[in-house]
Amino acid sequence: TDAYLSRIEKAKALNAFITVTADKAREMAKASDAQLAKGVGGDLEGVPLGIKDLFCTEGTLTTAASHILDGFHPRYESTVTSHLWRDGAVMLGKLNLDEFAMGSSNETSFYGNVINPWRRDGDDTPLTPGGSSGGSSTSVAARLCAAATATDTGGSIRQPASLTNTVGVKPTYGRVSRWGVVAFASSLDQAGPITQDVRDAAIMLKSMAGHDPKDSTCINRPVPDYEAVLGQSLKGLKIGVPKEYRIDGMPEEIEKLWQQGIAWMKDAGCEIVDISLPLTKYALPVYYIVAPAEASSNLARYDGVKFGLRSRDFTDITSMYENTRAEGFGDEVKRRILIGTYVLSAGYYDAYYLRAQKVRKKIFDEFTDAFSKVDLILTPSAPSAAFGLGEKTADPVQMYLNDVFTVTANLAGLPGASVPAGYDKQGLPLGLQLLAKPFDEETMFKGMYALE
Ligand code: GLN
């Protein structure tokens, strides 16, 4: 814990942490020492973790990287973090992210962008660590914590993992409780780990997962021992390769990496099956209707009354709401609220929201069909390696294209993971994505271990 705290201090320029809880960390580490001295302790006893600042932590500032949550100290602990503390983990602090997890580059944070520890060969341009879990990916990549929690609504675990050479796992929707996690889009949000390797991810997920009566969408199923399947034979597994993920303009190196991944799976005894997911092209448009719609509803609670910031500048309750939101929300969050309220409004609901929900169901059906023929689906995690800070901020649609390979899993509720698989010509890391059947994280972990 002390070693990580001093690394965090030295790496302040990366801006990975919003809050460092040094005293609490030392206290938790001492308690773990005592447990370990007695020869007892949980699976994560004494393991120092970073927590994405979207998870409520009792008594510790929780910001969602938004100005509107200024001074918010939750009086409750999220289910995920309480599981981690139950198993002995130590909290180093709260990690930076895109505001309310809306973004793909960690540039929408009220607390400033995070910097990826990776650089292009011979080029010192600072790069994005991906988003929204940019604090999580950077802190794991720069070894500022042993592992981190993250959340994934459209790719925010897998894309940052891909851009930082780390492992990221988005479990099946319902595998991990969302209770106490600041909501972005409730039907898509799912928490998971970002770690240095596949084994760590298996151990972390086991702790984070499990039924929680406080989240009615959290499924009551036993949590398997994901670590136990690592290294098991993949012989006979069918790996689907969807041709629609070969998008225009995808760098050649990513195609090469994908072919390399296919070859590794073949070597491991898998059978490769070409599959078709023709609705893939609708995934981004559907996501960017459904996610803002749910966000606009979830964010209605930030009105200056119950949480965080209240504008000082108001004359009546309406101007108090208006000014609090005008001051408290950043541009990307306002953009999402506007899109969301628009697609939900009378007259547009049927044309946008309802239609998006119908296509979402068809995307789910298409995956169900594909998974009757294959056990796993292999694709690239992201359409590019880490890009320069500011490179895509001028054009939100350009930024949204980052999620092209990842949003499908959220729309269909499937588990998905990104595993480091190689480097581009400039020496930047690239990840490969595996998707699995609902609640079949075990097969996904087996595949991840083979790719690693
Ligand atoms: N980049 C996507 C978005 O901006 C996904 C974010 C996420 O998964 N939290 O909505």
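In helix H9 of this predicted model, four residues are buried: Ser319, Met320, Thr324 and Gly328. They lie on the same side of H9, because together they cover an arc of only 140° around the axis. The helix itself runs over residues 317-328, which makes 12 residues. From the first C-alpha to the last, H9 reaches 16 Å, close to the 16 Å expected at 1.5 Å a residue.

Next come the cysteines. A disulfide would need a pair of cysteine sulfur atoms within 2.5 Å, and by this rule the count comes to zero. Cys145 shows why: the closest cysteine sulfur, in Cys56, is 19 Å from the sulfur of Cys145, too far for a bond. Cys145 is also buried, with a relative accessible area of 0%. Cys270 is buried as well, and its relative accessible area is 8%. Both values fall under the 20% that marks a buried residue.

The last topic is empty space in the model. Rolling a probe the size of a water molecule over the atoms shows where such space is left. The largest pocket has a volume of about 300 Å³. Its lining is made up of 15 residues. Those that lie nearest the centre of the pocket are Gly180, Val181, Val182, Ala183 and Arg301. By residue class, the lining of the largest pocket divides into 10 nonpolar residues, four charged and one polar.

Key: Residues numbered from 1 in each chain as written. Predicted model: local features only at pLDDT ≥ 70, side-chain atom pairs only at ≥ 80, totals over all residues. Heavy atoms only, no water. Helix = DSSP H or I, 4+ residues; strand = E, 2+ residues; numbered from the N terminus. Expected span 1.5 Å × (residues − 1). Buried < 20%, exposed > 50% of the residue type's maximum accessible area, 1.4 Å probe, protein only. Arc of directions from axis to C-beta. 1 Å grid on protein atoms, 1.4 Å probe; cavity = no way out; pocket = protein on both sides within 12 Å on 5 of 7 lines; lining within 4 Å. Points joined across faces, edges and corners; volume = space filled by probe spheres on them. Nonpolar A, V, L, I, M, F, W, Y, C, P; charged D, E, K, R; others polar.
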